[in-house]
Amino acid sequence: MADLGNPKNTIEILNKYKFVFQKKFGQNFLIDTHVLEKIIRAAQIDKDDFVLEIGPGIGTLTQYLCENAREVVAVEIDRMLIPILEETLSSYNNVTIINEDILKLDLKDLIEERNAGRPIKVVANLPYYITTPIIMDLFEKHIPLINVTVMVQKEVADRIQAAPGSKDYGALSLAVQYYAEPYIAAYVPPNCFMPRPNVGSAVIRMTLHKEALVKLEDERLMFKLIRASFNQRRKTLVNSLNNSYELGFSKEQIQKALASLNISENVRGEALGLEEFAALANKLSEYTKE
Ligand code: SAM
């Protein structure tokens, strides 16, 4: 089958099947061979890899994955794309197409069955309307992963990679960085897609930490602290934590915990790194035991 990274071939197959783009599924297909090669390099794909692709579309990136990986499973929600994928991937015997919503699929089961539970790589040009739920679902469900390399909206990539103190830093940066190390491999302009999205894009690789960066008594408490801190970004940490309905600590307890960690009372959440949020969560969890 001809390389779909060439726009002429993409147009030909779309016309053949009279395919109508579904806005609700975030369909923007890649039509640039350089970008496709960059994604394969960024994901560090080799012949040992089992790769899960989310949203293969007409199979453009899937073709590149099949060429470079041992085995590929591609999960596509739009049933109108299934006959197209059967044609565009017909020359590969290392690919399985599943017509399902990625958020409804039991990935742990799939990996157990297809890869003996060993960690996999995830690669995708993600549908932008559900980028964050897809990424967080992979991490929070503790799916066995080596890395996750995805095309996302540029602003989302910047937020994921942001460091404390920067304007993009927030709950998403901390949530991802708790599980993985992010690296933006490329920025990609709208003309590399069909149809063109209204926003710029970026390829970001998130490599799972082999060992946890921080030790937590209560993981959920740390994420509650993070949410409370960034819900009221302009307030000092003491006030945002004290105002939160999700928490239940007195102002005195929060002040005491901060003092014991040598963190100023007037600091804002956006100045704290993951280690500090973890230390604060561990300190405050002592009070829940009292
Ligand atoms: N991988 C193709 C490419 O790069 O040309 C298509 C990428 S397009 C941005 C996103 C794809 O994800 C579409 O094919 C869309 O139908 C599919 N998709 C959207 N929501 C999905 C979901 N919940 N589960 C699985 N696939 C989904």
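Trainee: Which residues are buried in helix α6?

Mentor: In α6, which spans residues 131-140, the buried ones are Thr131, Ile134, Ile135, Met136, Leu138 and Phe139. Buried means under 20% relative accessible area, exposed means over 50%, and partly exposed is in between, with a 1.4 Å probe and protein chains only. Helices are DSSP runs of H or I with at least four residues, strands are runs of E with at least two, and both are numbered from the N terminus.

Trainee: And what sort of model is this?

Mentor: The model is predicted, so local features need pLDDT of at least 70 and side-chain atom pairs count only at pLDDT 80 or more, while totals for chains, interfaces and linings use all residues. Residues are numbered from 1 along each chain as its sequence is written, and side-chain values use heavy atoms, with hydrogens and water left out.

Trainee: Switching to the ligand. Which residues come nearest?

Mentor: Leu30, Gly55, Glu76, Asp101 and Tyr129, out of 24 residues around the ligand. A residue is near a molecule if one of its heavy atoms lies within 4 Å of it.

Trainee: How does that shell split by class?

Mentor: There are 12 nonpolar, 7 polar and 5 charged residues. Ala, Val, Leu, Ile, Met, Phe, Trp, Tyr, Cys and Pro count as nonpolar, Asp, Glu, Lys and Arg as charged, and the others, Gly among them, as polar. Strands β1 (29-30) and β3 (71-76) each supply at least two residues of the shell.

Trainee: Which polar atoms lie 3.3 Å from a nitrogen atom of the ligand?

Mentor: A polar side-chain atom of glutamate 53 is at that distance from a ligand nitrogen, and a polar backbone atom of isoleucine 77 is 3.3 Å from a ligand nitrogen too. For leucine 30, a backbone N or O atom lies 2.8 Å from an oxygen atom of the ligand. The protein covers 99% of the 600 Å² of accessible area that the ligand has on its own.

Trainee: What about helix α8, how many of its residues are buried?

Mentor: 7 of its 9 residues, 171-179, are buried. Those are Leu172, Ser173, Leu174, Ala175, Val176, Tyr178 and Tyr179.

Trainee: Why does valine 176 count as buried?

Mentor: Because its relative accessible area is 0%. In space, the C-alpha atom of valine 176 is 8.5 Å from that of glutamine 161, which is 15 residues away in sequence.

Trainee: Where is serine 240, and is it buried or exposed?

Mentor: Serine 240 is in helix α10, residues 237-243. It counts as buried because its relative accessibility is 1%. A polar atom of the serine 240 side chain lies 2.9 Å from the backbone oxygen of threonine 236.

Trainee: And where is glutamine 22 found?

Mentor: In the loop between α1 (7-16) and β1. At 26% relative accessibility, glutamine 22 counts as partly exposed.

Trainee: Last one. How many helices and strands are in the protein chain?

Mentor: 12 helices and 9 strands. Of the chain's 290 residues, 51% count as buried. The C-alpha atoms fill a box of roughly 70 × 40 × 30 Å, taken along the principal axes.

Methods
Polar contact = N/O pair within 3.5 Å; in protein donor to acceptor, adjacent residues only side chain to side chain. Areas by Shrake-Rupley, 256 points an atom, 1.4 Å probe, with all protein chains shown as cover.
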